[in-house]
Amino acid sequence: MPPDSPPRRRSICITGASRGIGRALALRLAGPDAYLMLFARDAERLDAVASACRQRGAEVLVSATDVTDFAAFSAAMRSACRDRGIDLAIVNAGVSKGIFEPLFPIDASIDIVRTNLLGAMHTISVVAREMTERGAGHLAVILSLSAFLFSPGSHGYCASKAGLRAFAKSLRDPLDECGVRLTEVYPGIVRTAMYERMGLRSPFSISAERAAELIEQAIERRRRTVYVPLRHVLLLRLAKALVPTSLVRRTLMRSGAEVYAE
Ligand SMILES: NC(=O)c1ccc[n+]([C@@H]2O[C@H](COP(=O)([O-])OP(=O)(O)OC[C@H]3O[C@@H](n4cnc5c(N)ncnc54)[C@H](OP(=O)(O)O)[C@@H]3O)[C@@H](O)[C@H]2O)c1
């Protein structure tokens, strides 16, 4: 590289960057050394995030693409990372439909699986292909404590995150052998639109900004697994051991937690 050429920017892809944890991560990682590729469906919100990131010195590309539209997402990603590669990908896009999903019909739960599991698997596959060809890169997969501490009534959400957990865990060693790191991220209770929609109020919740800070630290330390924050997994494990599931369900229903309705 000629002595006067600017240093290469770290190229970072984030899905679900229009709000919540994804937005907080984009803002946190934005800087003069960053090239950000931001994906979500809401173009207006994405543009607002991009402007704030540019003000921090980052070069930003936005793409209003649905991760469940596999062909469109692959094309958008290929065009975004052309000639740059992907150093870090944060697979974050996700949905929930409230604490209690109906079982009859099952459509809402299937929609969740389509985004949280199939959309994420496809994103990981597209990104991993680029990274393994170069023999370098880092994937951070945003899961949930619901992947293993199941919550009564959130059957589609829990299934989507448990499936994604199995996918990520099974891929970790093969990717490692190709020079690609994978970090499993387990957020606890984070105050975002998703949390608001569930109608939950928890004194233990943390802000999206704090979650982004903990996730960035785990990525920089190349951790394999991170709980965001650790105390949430400890508290929920304890609660699970002590409180019967039926009581949890009744308490959630009394607390006004939202029941999904089309
Ligand atoms: N908040 C929590 O307490 C919590 C706890 C555990 C795990 N998580 C996980 O953390 C991740 C982020 O959640 P959050 O709390 O930040 O939720 P959020 O505020 O609702 O944000 C979700 C993001 O995903 C995007 N998204 C949803 N469906 C998409 C699709 N089909 N294609 C592209 N983008 C899509 C949304 O953007 P558009 O609507 O513009 O597409 C939005 O940017 C999710 O995977 C969630 O499951 C959250």
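In which helix does F73 lie?

A: F73 lies in helix α3. First, some ground rules. This is a predicted model, so local features need pLDDT of at least 70, side-chain atom pairs count only at pLDDT 80 or more, and totals for chains, interfaces and linings use all residues. Residues are numbered from 1 along each chain as its sequence is written. Helices (H or I, at least four residues) and strands (E, at least two) are DSSP runs, numbered from the N terminus.

Now the helix. α3 runs over residues 70–81 and has 12 residues. From its first C-alpha to its last, α3 reaches 16 Å, close to the 16 Å expected at 1.5 Å a residue. That expected span is 1.5 Å times one less than the number of residues.

F73 counts as buried because it has 21 C-beta neighbours inside 10 Å. The cut-offs: buried means 20 or more other C-beta atoms within 10 Å of the residue's own, exposed means 12 or fewer, and partly exposed is in between, with C-beta atoms placed from the backbone. The buried residues of α3 are F73, A76, M77, A80 and C81. They sit on the same side of α3, because they cover an arc of only 110° around the axis. The arc is that of the directions from the helix axis to the C-beta atoms. An α-helix has 3.6 residues a turn, so residues three or four places apart point the same way. The face turned away from the buried side carries the exposed residues A71, R78 and S79.

What covers the buried side? The cover includes strands β1 (10–15), β2 and β3 (59–64), and helix α4. For F73, leave aside its neighbours within four places in sequence. F73 is then in contact (C-beta atoms, placed from the backbone, within 7 Å) with T65, V67, H122, T123 and V126. Another distance: the C-alpha atoms of F73 and S63 are separated by 9.0 Å. These two are 10 residues apart along the chain.

Just after α3, D83 takes a positive phi of about 65°. D83 is not a glycine. It is found in the loop between α3 and β4. D83 is exposed because 5 other C-beta atoms lie within 10 Å.

Move on to the loop between β4 (88–91) and α4, where P105 lies. A cis peptide bond joins F104 and P105, with omega about 0°.

Next, α4, one of the elements that cover α3. D111 lies in α4. With 16 other C-beta atoms within 10 Å, D111 is partly exposed.

Leaving aside its neighbours within four places in sequence, L38 is in contact with residues including I14, A17, A26, V60 and V62.

To recap: F73 is in α3, and F73 counts as buried. The exposed residues A71, R78 and S79 are on the face turned away from the buried side.

Key: Contact = placed C-beta atoms within 7 Å.
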